[in-house]
Amino acid sequence: MLHYANPQNFLNLARRLTPWFFGAGIAMIAVGTYLGLVIAPPDYQQGDAFRIIYVHVPAAWMSLFVYGSMAVASASAFIFKHPLGDVAAKAAAPAGAVFTALALATGMLWGKPMWGTWWVWDGRLTSELILLFIYIAYIALWDAIDEPTRAARMARILCLVGAINVPIIHFSVEWWQTLHQGVTVFRTDGPQMPASMLTPLLIMALGYTVFFVGLLFVRMRTEILARRLRTLRLNIEGAFA
Amino acid sequence: MRAFTALLLRDIVLSLRSGGGAWLGAGFFVLIIALAPLGLGPEPALLKSAAPGLIWIAALLATLLGLERVIEPDLQDGTLDLLRMSALPLEFVVLAKVLAHWLTNGLVICVLAPLVSPMLFVDAKALWVVAASLLLGTPGLSFIGTAGAAVSAGVRRGGVLLALIVLPLNIPALIFGAGAINAVQHGSDPRQALLLLAAFSLIAAVVASLAAAAALRLNED
């Protein structure tokens, strides 16, 4: 693994692997979509409306998975001074924010016909929304500090504080929701999902993950090259100053 | 210890004497409470049920006010470089700054809140919970806020960014704080919420002082 801590080695590896990840990710999403939308039987209660879970659930999983990976990347940058940790966390953040927004949007689309409302202040919905705000704050901090090394240091601290706080926020929101209304309609332990419904979901989730890694490689390469460009430009300006 | 006290006193004096520091937060807090009936209508029942949330949202926003001046001026005028070189560990520097911020901001809100809460028709017997919840919760707000200020110090127009960073992280305090007042208004025991609020502040103290010290150590070009 240390070999690929060198940005140049990583660039070479990422360049070779990116098409494979994208190809496999898109293929799996295509297969999952087909299985989920066409092959899987309609739900006995929700009919065809349940099929949105094939977009919604993987997105919600990814929203947490991406933040977790950002925290691991930030920690490796913080503890081991891993040169690619900050790059990886920065590159992952917008993707994570989009997954979060996608989970919220599809959830609202599903909620309107099923619950009769676009939005309820349910514990899980609320913590997902707060997660989106935390993603936005992280991205905003990167954008606000001009100097990349300093931005990287501050952003990794924020990412780790956020990682500690996200579970606390989640549980406090759960506490709040149960305090206000004893209803837990949305946590009914429905019937065990049959394999014909579950398989497409797992394929979709895997496809999302693989696609995300491809996207991460592209964004990390862009970031590394952008930093080199910046250094070159500063050197040129320095030479003429 | 002497360095700690000196820094604490310096920060308190600075925030008291520079541009109405402490009263800014307090005035802002009272203003939000006074604005609420104008927006929601003067209906006592409505105001009473909205009061726990309003008081705590006002506290969250008012705590933000002084934060921009906790770290930023020290970074600009080079004091931070001296603090980095001093024998006092940066964690204690952070502690002094949090304490100074809390004494000039959070504590003032704790004292004012029971006085203005009756404007929102909070029962007299619930006022001690208003004060207790703020006393337990506002230190946590100051800790998280100072960590946010340390991370965003040196940023142009840092104030908005600071709010964006700090407010989501402070949500647990809002939930438990308003929850405690809500509980006592509905005749149930507020102690669970108050204990959770204290736990939030304690966790915030540990996490935020380490994070803020790390940020101060690294926040240089």
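The largest nonpolar core holds 136 residues. Met70(A), Leu141(A), Phe29(B), Ile55(B), Leu120(B) and Leu134(B) touch the most other members. A nonpolar core here is a set of buried Ala, Val, Leu, Ile, Met, Phe, Trp, Tyr and Cys residues joined through side-chain atoms within 4.5 Å. The model is predicted: local features need pLDDT of at least 70, side-chain atom pairs count only at pLDDT 80 or more, and totals for chains, interfaces and linings use all residues. Residues are numbered from 1 along each chain as its sequence is written, chains are lettered from A in the order in which they are written, and side-chain values use heavy atoms, with hydrogens and water left out.

- Helix 10 of chain B (residues 191–218) gives the core its largest share, 14 residues. Helices are DSSP runs (H or I, at least four residues), numbered from the N terminus.
- Met70(A) is in contact (heavy atoms within 4.5 Å) with Ala89(A), Ala92(A), Ala93(A), Tyr135(A), Tyr138(A) and Cys159(A), leaving aside neighbours within four places in sequence.
- In soluble globular proteins, nonpolar side chains tend to be buried together.

**Interface between chains A and B**

- The contact takes 31 residues from chain B and 29 residues from chain A.
- The buried area is about 2,600 Å², and carbon and sulfur atoms give 76% of that area. Buried area is the accessible area (1.4 Å probe) that two parts lose on being put together, summed over both.
- On the chain B side, helix 7 (127–151), helix 8 (158–169), helix 9 (171–185) and helix 10 each give two or more residues.
- Helix 10 of chain B supplies the largest share of that side, nine residues.
- The chain B side divides into 22 nonpolar, six polar and three charged residues. Ala, Val, Leu, Ile, Met, Phe, Trp, Tyr, Cys and Pro count as nonpolar, Asp, Glu, Lys and Arg as charged, and the others, Gly among them, as polar.
- Zero salt bridges are counted between chain B and chain A.

**Salt bridges**

- Over all chains, the structure holds twelve salt bridges. Each is a side-chain nitrogen of Lys or Arg within 4 Å of a carboxyl oxygen of Asp or Glu.
- Arg10(B) and Asp74(B) meet in one of them, at 2.9 Å from N to O. Arg10(B) lies in helix 1 (residues 2–17) and Asp74(B) in helix 4 (residues 72–77) of chain B, so the pair ties together parts that are 64 residues apart in sequence.
- Asp74(B) is buried, at 4% relative accessible area, whereas Arg10(B) is partly exposed at 27%. Buried means under 20%, exposed over 50%, and partly exposed in between (1.4 Å probe, protein chains only).
- Arg10(B), Asp11(B), Asp74(B) and Lys97(B) are linked in a salt-bridge network.
- Asp81(B) pairs with Arg84(B), with the closest N and O atoms 2.8 Å apart. The two are three residues apart in helix 5 (residues 79–85) of chain B, about one helical turn.
- Arg191(B) pairs with Asp189(B) at 2.9 Å between the closest N and O atoms. Arg191(B) is exposed at 55%, and Asp189(B) is partly exposed at 44%.

**Positive phi outside glycine**

- Lys81(A) has phi near 55°. The residue sits in the loop between helix 2 (53–80) and helix 3 (85–115) of chain A, and counts as exposed at 61% relative accessibility.
- Phe121(B) has phi near 65°. The loop between helix 6 (90–116) and helix 7 of chain B holds Phe121(B), which counts as partly exposed at 38%.
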